[in-house]
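Subject: Structure handover

Hello,

Here is the structure you asked to look at. Please open it next to this email and follow along.

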Amino acid sequence: MIAVMASITIRQLDEVLKKKLRLRAARNGRSVEDEVRNVLRAAADDTGREILENFTPPGKAGQTPRRAPSPVPSGTRRVLLVVGGGIAAYKSLDLIRRLKERDIAVRCILTNAAQEFITPLSAGAIAGERAFTDLFDPAHEFDVGHIRLARECDLIVVAPATADLMAKLAGGHADDLATAVLLATTAKVLLAPAMNPRMWSNKATQRNLARLAADGFEVVGPNEGEMAEANERGFGRMAEPQEIAGAAERLLAPQTRALEGKRVLITSGPTHEPIDPVRYIANRSSGKQGNAIAQAAAQAGAQVTLISGPVNLPDPPSVSVIKVETAREMLAAAERALPADAAIFAAAVADWRVANAGEQKIKKKAGQAVPELSLVENPDILATIAKRKTQRPKLVIGFAAETENVVANAKAKLAGKGCDWILANDVSSRTGIMGGDRNTITFVTDTSAENWPAQSKDGVARMLIERIAKEIAENK
Ligand code: C5P
């Protein structure tokens, strides 16, 4: 259906009306165009409110949403969508549709700034329930109230989450309806940040992000790409509505035991390759991604063996953890942990070790040449397990940390190592992935390369475990 919009120019209006509008605009300190826009917005909102208030859900005659919002059938998953004030707000209207087509009921709150971009009428009409805007609106407080809004949902999605909203949430502010609800809720909250790349990389925003992640907020995006401003690109684009809806659905999913009875082997963390008894060669891997995968696999019911190099992380619960130092120890432990249904190699294994590692501490002696370290290649654990003739796990999955040509290098690695999937990520320093809490994955198989949204390492782990469970179920 094509909607035809009426087009009116102010010049065509009669003189008396024009005069009244000019006076009104002057009184309100607006341009005439802005005044007309305001009048139209108020009229449309009123009509929309009327439509929504007179809407009677089928089979519930006599009940109007103003006194009692349209009842959601029991068992329906409910999302409260908080729309912040950024240009990406227009995508939130599409997000409502994407959530609803997944049978998720959506109720909206628009911040004041959000209403500069979209109207409560459009959000309410698409959601099928009036959108909420005002903390101190007596009608809203009487009908629903911020505490009920906070309680009557299974998940809150904030999209777009602006820099200002994130700062308020990190500081625990509650000076409008959106922030009051977010402070009052016990539901999980998923943030979809969207802002100018410089605002995103600003230390204050990154500090707020870390605070929010530590407080248990989930984050999807922002992605890298074109910005609304001309010639601007970088990290700051809101994740696409489909990606946000997917992340919401994963958070809403009841804990399934999709990997019950399956054995999963995971390598994680760095390896330490000794130079002498006190010195070693290492790398910056934190083990966070491997630990997150182990935790997600255990939550899905798998029997998990996590073979971890030296990390500063607590052991994930319900996981059998084997601690190793060197690549050779890691390989031996991986071989001992077979058979397994799936093996995920998330460790950053040192490619080389010191051939002539000293038994004693190498001494610095004045006037003598510096010692020469000669390196030999370490075994490739992933390739060794993937190419096994016996006890090869049905799914062998590797990671590829790249700083350039991510997909091409991942495809070459997939073939060279004989594994089934590669999760490739760009670890160049601008991405902050190494050691950080977030990850941006390209999921590579021999026939496809799929960009996953930038998200927490927990989010990546949940997506991967869902994929593994599906693959195992389909190829039983
Ligand atoms: O060759 P590269 O180190 O880039 O390959 C990365 C993948 O291979 C990761 O999955 C990593 O865990 C695995 N790997 C391994 N043993 C090595 C080197 C890498 O298992 N010696």
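First, two ground rules. Residues are numbered from 1 along each chain as its sequence is written. This is a predicted model, in which local features need pLDDT of at least 70, side-chain atom pairs count only at pLDDT 80 or more, and totals for chains, interfaces and linings use all residues.

**The chain**

The chain holds 16 helices and 21 strands. Both are DSSP runs, numbered from the N terminus: helices are H or I with at least four residues, strands are E with at least two. Of the 476 residues, 40% are buried. Buried means that 20 or more other C-beta atoms, placed from the backbone, lie within 10 Å of the residue's own. Take the contacts with a separation of 6 or more: 68% join residues 24 or more positions apart. A contact needs C-beta atoms, placed from the backbone, within 7 Å.

**The sheet**

Eight strands form an open sheet with mixed pairing, in the order E12-E11-E8-E13-E16-E17-E19-E20. Two strands pair if DSSP finds at least two bridges between them. Strands E12 (320–323) and E20 (449–451) stand at the edges with a single partner strand each, so one side of each has no neighbour in the sheet.

Now look at E8 (residues 263–268). Five of its six residues are buried. E8 runs parallel to E11 (residues 303–308), over six bridges. Leu-265 has Thr-305 in E11 as its bridge partner. E8 is also parallel to E13 (residues 342–345), through four bridges. There, Ile-266 is the bridge partner of Ile-344. E13 in turn pairs with E16 in the parallel sense, over four bridges. Ala-343 stands opposite Val-396 in E16.

**The ligand**

Which strand gives the largest share of the shell around the ligand? E16 does, with three residues. Helix H14 (381–386) and strand E16 (395–402) each supply at least two. The ligand is surrounded by 14 residues, and the closest are Phe-345, Val-349, Ile-381, Leu-382 and Gly-398. Here a residue counts if its C-beta atom, placed from the backbone, lies within 6 Å. The shell has eight nonpolar, three polar and three charged residues. Nonpolar covers Ala, Val, Leu, Ile, Met, Phe, Trp, Tyr, Cys and Pro; charged covers Asp, Glu, Lys and Arg; the others, Gly among them, are polar.

Finally, see H16 (residues 457–474). Its buried residues include Lys-457, Val-460, Leu-464 and Ile-468.

Best wishes

How values were computed:
Buried ≥ 20, exposed ≤ 12 C-beta atoms within 10 Å, placed from the backbone. Contact = placed C-beta atoms within 7 Å.
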